[in-house]
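Subject: Structure handover

Hello,

Here is the structure I promised to pass on. Please open it next to this message; my notes follow below.

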Amino acid sequence: MALSRRKRARLIRGTQYAILVVVAVVFALTADWTRIQQAFFRPEVVREMFPDVITVALLNTVIYTGLGFGFGLALAIPLALMRLSSVAPYRWISGIYVEFFRGLPALLVILAVGNGVPIAFPGAILNKYLALMVALGIVGSAYMAETLRAGIQAVPAGQVEAARSLGMSPMRTTIWVVIPQAFKIILPPLTNELILLTKDSSLALFLGASISEYELTQFGRVALNQYQSLTPVLVAGVCYLIITIPLSYLSRYLEKRGGGKKISSPESTGLDVTP
Amino acid sequence: MARRTKLTKLTKLAVLPALTLAMALAGCGDGGGETDEGAAGGESNVQLVNEGKLTTCTGLPYKPFQYEEGGDVVGFDVDLVDLVAEDLGVEQEIVDTPFDGIQSGADLNAGKCDLAAAGMTITDVREKNLDFSDPYFEATQALLAKKGSGVTDLASLSGKKLAVQNGTTGFDYAQENAKDVELVNFEDLGLLLTAVETGQVDAGINDNGVLYDWVKEKTDFEVTTEFDTGEEYGIGVKTGNKALLELINKHIAEAKSSGKYDEIYEKWFGKAPESK
């Protein structure tokens with residue numbers, strides 16, 4: 001190649017810009033903008049959707065997700081500890097649970113809980129919030145248990161040794177020394193899990209809901225039928241981003257902060273007890 | 001030096017998605033072109049979205065109009081559309097998709113299918129987004145409840161839960177007429193019926209044809225009342241698809257006059273039609 005390295009880099013960069021421009025131009029020319037506008041941006045439909053899209057739909061999405069996340073985390077802690085247990089059957093049970101529910105689509109778990117429980121126990125009336133809390137919790141717990149296990153293992157061994165040499169029992173060490181530090185390590189991935197659960201909560205629509213129980217996706221789809229327009233889908237999408245984008249920023253911020261901390265407490269010494 | 005190597009790697013990584021996108025876009029363009037030229041099927045100038053196939057959008061399950069049995073989608077609507085497919089000399093292919101996309105015309109406009117046969121009532125609102133064939137079936141809304149539950153009409157449901165299906169005429173009817181009733185909105189008929197069966201809701205509203213079919217097997221339940229909504233089912237095509245619409249209308253009329261319609265009706269409902 002006659003080109004110098006710098007020239008080649010410039011050429012490659014130029015090609016990338018060119019491709020970007022071509023793709024944008026092709027898209028702009030081939031798309032039917034009037035139709036897109038009619039389908040997705042009808043201001044009167046947007047106006048009609050307020051305030052319910054926030055006070056009912058967005059709120060319910062947050063509630064379902066929050067309940068599922070809380071329940072999932074509560075399940076994940078014992079699961080992670082079981083996974084690391086010295087008692088073999090505990091490890092097996094936890095392992096099977098994690099592999100099973102991590103391998104199933106969230107929709108199937110939601111349908112199984114929502115429809116399976118009333119079939120298995122005739123006469124049981126399942127509260128929608130409860131059903132989703134359990135279903136989303138199960139889905140989330142499988143991932144969170146694995147994350148938490150990794151977090152616990154990442155806590156420097158010296159921390160445990162130090163706590164034990166101070167006379168703390170293994171149980172106390174786990175609760176007061178290991179788990180708090182593990183949580184600090186896994187905060188960024190846990191935030192990601194919260195984002196995933198926010199989106200999974202959209203599957204709630206398959207359980208059926210009354211108007212006061214609509215979450216964003218179902219709300220958007222019912223409005224889609226009512227107004228015969230895709231605008232509600234767009235509005236619902238924006239509402240999801242209102243939840244998820246701050247969360248992903250939070251996740252990145254926590255990651256940055258956590259990374260900084262790690263350097264200040266090198267694992268090699270194993271004696272660093274900074275909180 | 002190290003930095004430079006990293007840069008080149010990144011460049012490659014960035015180019016790939018852009019290329020893929022460009023290729024995908026080019027692909028879309030080609031697809032559109034083919035549709036415009038149209039597939040030369042049968043004697044007419046009907047253009048099909050998928051060459052060699054008459055693609056039907058429907059929302060399963062909607063027994064006995066269309067439902068799955070032994071790996072095939074069968075039913076009243078399927079047999080009816082088969083008459084059109086036979087004439088075109090192609091196979092009917094059925095796409096199962098949520099009903100709200102069907103009735104809003106979104107699926108037809110997106111080229112997902114040639115026609116929609118989904119036990120769909122002809123309404124003014126729907127007519128704005130798609131073109132309907134001549135009516136092929138008469139239906140009304142009906143109420144499904146457990147025997148002995150005391151649910152006889154909408155008034156008796158006051159303060160109770162009524163299951164409705166998203167995007168259906170039953171949903172609209174319940175919204176207008178069921179006062180003080182909590183409407184629980186379900187995605188498809190199967191989920192609605194499960195909720196009624198397990199007692200998650202006190203009753204369900206849907207078209208009479210499918211509910212009568214269901215209570216044949218679930219003898220604990222009954223259709224307690226019908227609301228005389230005087231609905232008629234039509235087959236939907238994309239707005240302006242005259243060639244296909246005319247062909248469908250021709251076959252509906254022919255089937256009714258030749259006795260073929262009665263034959264299909266008896267096959268799925270176990271009795272001759274009272275009116276056509």
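Which residue follows helix 2 of chain B, and is its phi positive or negative? The residue is Gly89(B), and its phi is positive, near 75°. Please keep in mind that this is a predicted model.

Helix 2 of chain B

Domains of chain B

Chain B splits into domain 1 (38-136 + 234-269) and domain 2 (140-230). Their centres, taken over C-alpha atoms, are 26 Å apart. Contact between them involves 13 residues of domain 1 and 13 residues of domain 2. On the domain 1 side, six of these are nonpolar, five polar and two charged.

The largest nonpolar core

This core holds 130 residues. Those touching the most other members are Ala135(A), Leu115(B), Ala116(B), Leu162(B), Ala163(B), Val196(B) and Ala203(B). Helix 7 (residues 128-154) of chain A gives the most, with 14 residues. Domain 1 and domain 2 of chain B both give residues to this core, so it lies between them. As for Ala135(A), leaving aside neighbours within four places in sequence, its contacts are Val109(A), Ile110(A), Val113(A) and Gly114(A).

Where the chains meet

On chain A, 29 residues are in contact with 31 residues of chain B. Four elements of chain A give two or more residues to its side: helix 1 (5-30), helix 6 (106-120), strand 1 (209-210) and helix 10 (216-227). Helix 1 of chain A has the largest share, eleven residues. By class, the chain A side has 18 nonpolar, nine polar and two charged residues.

Strand 1 of chain A runs antiparallel to strand 9 (residues 182-186) of chain B, with two bridges. Within this pairing, Ser210(A) stands opposite Val184(B).

Over to you.

Best wishes

Conventions:
Residues numbered from 1 in each chain as written. Chains lettered and ligands numbered in written order. Predicted model: local features only at pLDDT ≥ 70, side-chain atom pairs only at ≥ 80, totals over all residues. Contact = placed C-beta atoms within 7 Å. Nonpolar A, V, L, I, M, F, W, Y, C, P; charged D, E, K, R; others polar. Pairing = 2+ DSSP bridges. Domains from an automatic or database assignment. Core = buried A, V, L, I, M, F, W, Y, C linked by C-beta atoms within 7 Å. Buried ≥ 20, exposed ≤ 12 C-beta atoms within 10 Å, placed from the backbone.
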